[in-house]
Amino acid sequence: MALSTPSPMLVLVAVVALLIFAASSFRKKPDLREPPYVSETIPYVSHIYGLLKHGLRYFDLVSAQQPHPIFTIELPGQKNYIVTSPELVQAVQRNVTSLSFSPAMIPAFRRMMDIDEEGISLIFKDAHMTTGFYGEIHRIQKASLLPGTESLDQLCNLVRTRLMHDVNNFPSVQVIDLYAWIQDLFMRSNNSACFGDQDPFTLDSSLNATFWQWEANIKTLLLGIPWILNPTSYTAAKSSREKLVAAFTTYLNSNGLSSACSFIQGLSGLGIGRGLSTENNAKALIGSILAIVGNTIPTTFWLLVHVYSRPALLLSIRAELEAIMTSPSDMSGVISLSYVLIKEKCPVFLSVYDEVLRLTSGIATVRYTMEDTLINDTWLLKKSAQVQMPTAYIHTDPTTWGSDAEQFDAERFLEGKVKRLSREERTKRNAAFRPFGGGNVMCPGRHFASHEVLGFVGTVFLGWDMEPVVDGNEEKGGWKVPEMDRSKLPLTSLKPATDVKVRLVRREGWEKTVFE
């Protein structure tokens, strides 16, 4: 009797199983001084499946089973040390030579943005030196985005001018899906300000949907997941990226940089001067968009929802803002909000901002082990591994933040409340609060992000009332703050699991106010 031919899927499963068995057979045994390994049911597969299924919750699930402040997760081709203790986070950050940031970015540049090997070699050669390409990138970011720099002032003014143009032209009453509305508003204002007259998103509005399709699926590429395990997401990520790269290649070839802001001109000009190909430069620009709007959009959403859903808190913040307005006696005139005065005179507003950052910061900060490193004289971190510090977990750890760590507390960061903590508690919280990363590579865009978000949200608080809409009807006092979407592995601040439909109405007495 003739033997039947096995199906292609059966053959594939057999091959994958054989490869997993072979890989696990050659897997190096861990050093006893390393952080404890998290066991896997299926080598190299269980952790990937867990991350895809549970997203950020996977770290919670694993950490709950670990009595140690650091543990090891091994993914295909990459060992990962997960640090959940603020004290160990500081120890990692102090090792600036042996635990480096720049090599940890290579997988992002290679997998997420598809920079070719020639580009990778060019960008990361001598990355640890300030004269290297990557060191120059960081220098330009700092020089362009630190307070007091002409470049930061230019970028803040360009974006605020565009935002206020839209704000002043809002209809007196509008019903909106809040997150989608903020996303559209910030994409238009930021991209046109950054990329100038030939901004690809302005010339082709369909690119907005393309960008968010890429953003929603790039974790598949970043984790190095084979096509066969998630073909739909893999294909969507690559096809949307190709469309974006084509648009930005055209932008660069058409001298689009000539009207870009000085920050973008400086970054792309560095690439051109160093010999980076036009296509690789286009890919790098796409990555910069995620850095510019990826966190400000969800942060703005959460600020608006948390404050408008609490009338007493809204009144308190409005009182702070009205006290620093340029023309407090004339609501029919031109009014502007000073970012400097917000920082100096609005403690409740700033406490709420920090609390939103604490609860919604989703991305892990990463280092790469350049050599075997012993931290706290206890844990051995082997060379060529990644050290990940999951901000979302550290920001909601009850041993640091108290039993209400996962709850919103508008007063948590107020000076009076902080002073009631012991010195040890204050030190621990200061070390644990890291919405912009930490150490010598804190996010250089943090000042721009704060300027944009606080200025825009403060303006909305002053000029508009907002109420939730359910089935077409306004529901006063019917706010339901949506859950944060922890089901995914984010590259930005946490988004809402669902959008919120609201009615935005010009505030009584403020109908003729012009904001600038």
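Predicted model: local features only at pLDDT ≥ 70, side-chain atom pairs only at ≥ 80, totals over all residues.
Me: How are α13 and α14 oriented to each other?
Reply: Helix α13 spans residues 262-274, and helix α14 spans residues 278-293. Their axes come within 10 Å and cross at roughly 150°. Angles over 145 degrees count as roughly antiparallel. So α13 to α14 is roughly antiparallel.

Me: Which residues of α14 meet α13?
Reply: From α13 come Ile 264, Ser 268, Gly 271 and Ile 272. The contact divides into three nonpolar, four polar and no charged residues. On the α14 side, the residues are Asn 281, Leu 285 and Ser 288.

Me: What is the orientation of α9 and α15 to each other?
Reply: Helix α9 covers residues 178-195, and helix α15 covers residues 296-308. The axes lie 9 Å apart, and the packing angle is about 135°. The crossing is right-handed. The two helices are therefore oblique.

Me: Is Cys 443 buried, partly exposed or exposed?
Reply: An unreviewed UniProt entry lists Cys 443 under "binding site". Cys 443 sits in the loop between α22 (423-432) and α23 (446-463). Its relative accessible area is 32%. Buried means under 20% and exposed means over 50%, so Cys 443 is partly exposed.

Notes
Residues numbered from 1 in each chain as written. Heavy atoms only, no water. Axes fitted to C-alpha atoms, helices over the stretch in contact; angles between N-to-C directions. Helix = DSSP H or I, 4+ residues; strand = E, 2+ residues; numbered from the N terminus. Parallel < 35°, antiparallel > 145°, perpendicular 65-115°, else oblique. Contact = heavy atoms within 4.5 Å. Nonpolar A, V, L, I, M, F, W, Y, C, P; charged D, E, K, R; others polar. UniProt positions renumbered as here; feature names shortened; annotations may be inferred. Buried < 20%, exposed > 50% of the residue type's maximum accessible area, 1.4 Å probe, protein only. Left-handed = near helix turned anticlockwise from the far one by under 90°.
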